[in-house]
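Opening the notebook on this one. I want to go through the sheet, the helix lying on it, the cores and the confidence values, in that order.

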Amino acid sequence: MKKILLVLCTTIFAFALEVPSNHIVSTTWLEKNQSNKNLVIIDTRTTKEFEQSHLKNAVNFPKKLWFQGKLGTVPKTFNTPLQVNEMFSKAGISEDSTIVFYHAGLKDKDFADAASGLWTAMLYGMNKVAILNGGFEKWRDEKKNVTSQKTKIEPTEFEVEAFNPSILAALSDVMNAQYSDDIQITDARVAKFYRGEDDRKDLARHGRIPTAKLTPMIRQAKKVGTHFEFLSKEEASKTLNNSGYGLELDQSAIVYCNTGHKARGLWFVSKFIIGMKDVKVYDASIVEYSRTLLAMEDGEAMD
């Protein structure tokens, strides 16, 4: 009888792993659940950083691996189903898996790496996903165990079974938003890109999409000790609204940047920390938009 109860308890523990509604987990939560067989931990730092030290049981998929798609001549768009199948199978992910993504946590922009992985997973129907608040640096700050040993992964045969278009905007959606009073467009980059004062070689033209508001993603992280954490809901909301010069939080929004990287980060904050209902990522972003003949603006915004 005792053996039966033990088996039942073990089974319940393995299958009862849920993430918080804001899709953010603490270091305490992750340490407690680190050995759960249904938990997959994905490190989005560079391969070099991963090989030096990482969380036990983590698998490494750096930032560049979340931008393997291509749209015509536009590089670095969202991964195809086949690419996701290959990555997730290699990571040992199944339909029962809960996935936690973590980033370096050393800079205010780092959380976009983890958000890019999470957004990709959600795009293909995986909703039991979360980001580790503070990333690897917070974990290390707290002197929690790390390792340099390669994780032994039992591969699966993962197959994408869903696609969630509600979090993805196409060029046509962006064009429609420019003429709509109900859909906002927001730029997750820093001001120099918004004003067209950059010299990025992958952009055909420089500047912003007309009607876009400037809301840099990096403002959504605050330094705590040596690492960066997410702002609170109140802080994030105030920052994104920016006294009315940013986004109206009760309206729909499309987020873009240069390649979709920071847009995915600001999408995560907008949707799961602030609680905006309808937020989409224009994943091809300015790399695509600048190659069209559509209007672009530069300099300071007039309103």
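**Entry 1**

Five strands make an open sheet, ordered β8-β14-β13-β9-β10, with parallel pairing. I then looked for the edges, and they are β8 (168-169) and β10 (213-214), each of which pairs on one side only.

β9, residues 183-187, pairs with β10 in the parallel sense over two bridges. There, T186 sits opposite K213 of β10.

**Entry 1: the helix across the sheet**

Next I looked at α7, residues 171-178. It lies across β8, β9, β13 (252-256) and β14 (279-282), and it runs at about 110° to β9.

Which residues of α7 are buried? I get V174, A177 and Q178. Viewed down the axis of α7, these buried residues fall within an arc of 105°, so they line one face of the helix.

I moved on to strand β7, residues 129-132. Both of its faces are covered: V129 and I131 are buried on one side, A130 and L132 on the other.

I looked up two pairings of β7. Strand β1 (residues 24-25) runs parallel to β7 and is joined to it by two bridges, with I24 having I131 as its bridge partner. Strand β6 (residues 98-102) also pairs with β7 in the parallel sense, over three bridges, and here V100 stands opposite A130.

**Entry 2: the nonpolar cores**

The largest nonpolar core has 53 residues, and the members touching the most other members are I42, F88, I93, F101, L118, W267 and F268. Helix α5 (residues 111-123) gives the most to this core, nine residues. There is also a second, separate core of 17 residues, and I185, Y194, A212 and A284 are among them.

Leaving out residues up to four places away in sequence, F268 touches N22, H23, I24, A115, L118, I131, F230 and I273. I24 and I131 in that list are the bridge partners from my β7 entry.

**Entry 3: I274**

Is I274 buried or exposed? Its relative accessibility is 7%, under the 20% cut-off, so I274 counts as buried. I274 belongs to helix α10, residues 261-274.

Beyond four places in sequence, I274 touches K233, A236, S237, L240, L249 and V269. I took the C-alpha to C-alpha distance for one of these: I274 and L240 are 9.0 Å apart in space and 34 residues apart in sequence.

**Entry 4: confidence**

I ended with pLDDT. The chain has a mean of 94, and 94% of its residues reach 70 or more. By element, β13 has the highest mean pLDDT (99) and helix α1 (residues 2-15) the lowest (42).

What about the start of the chain? pLDDT stays under 50 over residues 1-14, and the model has four contacts for that stretch beyond four places in sequence. A reminder to myself: where pLDDT is low, the predicted coordinates should not be read in detail.

Note on methods:
Residues are numbered from 1 along each chain as its sequence is written. This is a predicted model: local features need pLDDT of at least 70, side-chain atom pairs count only at pLDDT 80 or more; totals for chains, interfaces and linings use all residues. Side-chain values use heavy atoms; hydrogens and water are left out. Two strands pair if DSSP finds at least two bridges between them. Helices (H or I, at least four residues) and strands (E, at least two) are DSSP runs, numbered from the N terminus. Contact means heavy atoms within 4.5 Å. Axes are lines fitted to C-alpha atoms, for helices over the stretch in contact, and angles run from 0 to 180 degrees between N-to-C directions. Buried means under 20% relative accessible area, exposed over 50%, partly exposed in between (1.4 Å probe, protein chains only). The arc is that of the directions from the helix axis to the C-beta atoms. pLDDT is the predictor's confidence in each residue, from 0 to 100. A nonpolar core is a set of buried Ala, Val, Leu, Ile, Met, Phe, Trp, Tyr and Cys residues joined through side-chain atoms within 4.5 Å.
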